[in-house]
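This report takes a brisk look at one protein model. Please have the sequence and the 3D view open side by side.

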Amino acid sequence: MAVKLKLTRLGSKKHPFYRVVAANDETRRDGRPLEFLGYNPMTDPAEVKLDAEKVKAWLDRGAEPTDTVRALLKKMA
């Protein structure tokens, strides 16, 4: 089972927001995640809030971030 750090879409129609989650790479975009890791883009400007300890733990276990999540992680560093 490969794990990916990816975005999941939440919110209502025309007013989405996204969370970074750790999920099996075979699950659908809005499927049940293994763990929520953070992110709130509804503020202006978008404010990245990730639990660094959880993210590091998942990366140490071999989770692969998607391109979008990788860009968010670079902004945090």
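The sections below cover confidence, strand pairing, salt bridges and aromatic rings.

## Model and confidence

This is a predicted model, in which local features need pLDDT of at least 70 and side-chain atom pairs count only at pLDDT 80 or more, while totals for chains, interfaces and linings use all residues. Residues are numbered from 1 along each chain as its sequence is written, and side-chain values use heavy atoms, with hydrogens and water left out.

pLDDT is the predictor's confidence in each residue, from 0 to 100. The protein averages 87. A score of at least 70 is reached by 99% of the residues. Among the elements, strand β5 (residues 64–65) has the highest mean pLDDT, 94. Strand β4 (residues 47–50) has the lowest, 84. Helices (H or I, at least four residues) and strands (E, at least two) are DSSP runs, numbered from the N terminus.

## Strand pairing

Strands pair if DSSP finds at least two bridges between them. Strand β1 (residues 3–12) and strand β2 (residues 15–24) run antiparallel, joined by 10 bridges. They form a hairpin with 2 residues between them. K14, in the turn, has a positive phi of about 70°.

β1 also pairs with β5; these two run parallel, with 2 bridges. K4 takes part in both pairings: it stands opposite A23 in β2, and its bridge partner in β5 is E64.

## Salt bridges

A salt bridge here is a side-chain nitrogen of Lys or Arg within 4 Å of a carboxyl oxygen of Asp or Glu. The structure holds 3. One joins K54 to E35, with the closest N and O atoms 3.5 Å apart. K54 lies in helix α1 (residues 52–60) and E35 in strand β3 (residues 35–40), so the pair ties together parts 19 residues apart in sequence. K54 is partly exposed at 31% relative accessible area, and E35 is partly exposed at 23%. Buried means under 20%, exposed over 50%, and partly exposed in between (1.4 Å probe, protein chains only).

D60 pairs with K56 at 3.2 Å. Both lie in helix α1, 4 residues apart, about one turn. D60 is exposed, at 57%. R70 pairs with D67, also at 3.2 Å. Both lie in helix α2 (residues 67–76), 3 residues apart. R70 is partly exposed at 32%, whereas D67 is exposed at 64%.

## Charges over rings

A charge sits over a ring if NZ of Lys or CZ of Arg is within 6 Å of the ring centre and within 35 degrees of the ring normal. R19 lies over the face of F36, 4.9 Å from the ring centre. R61 lies over the face of W58, at 4.2 Å.
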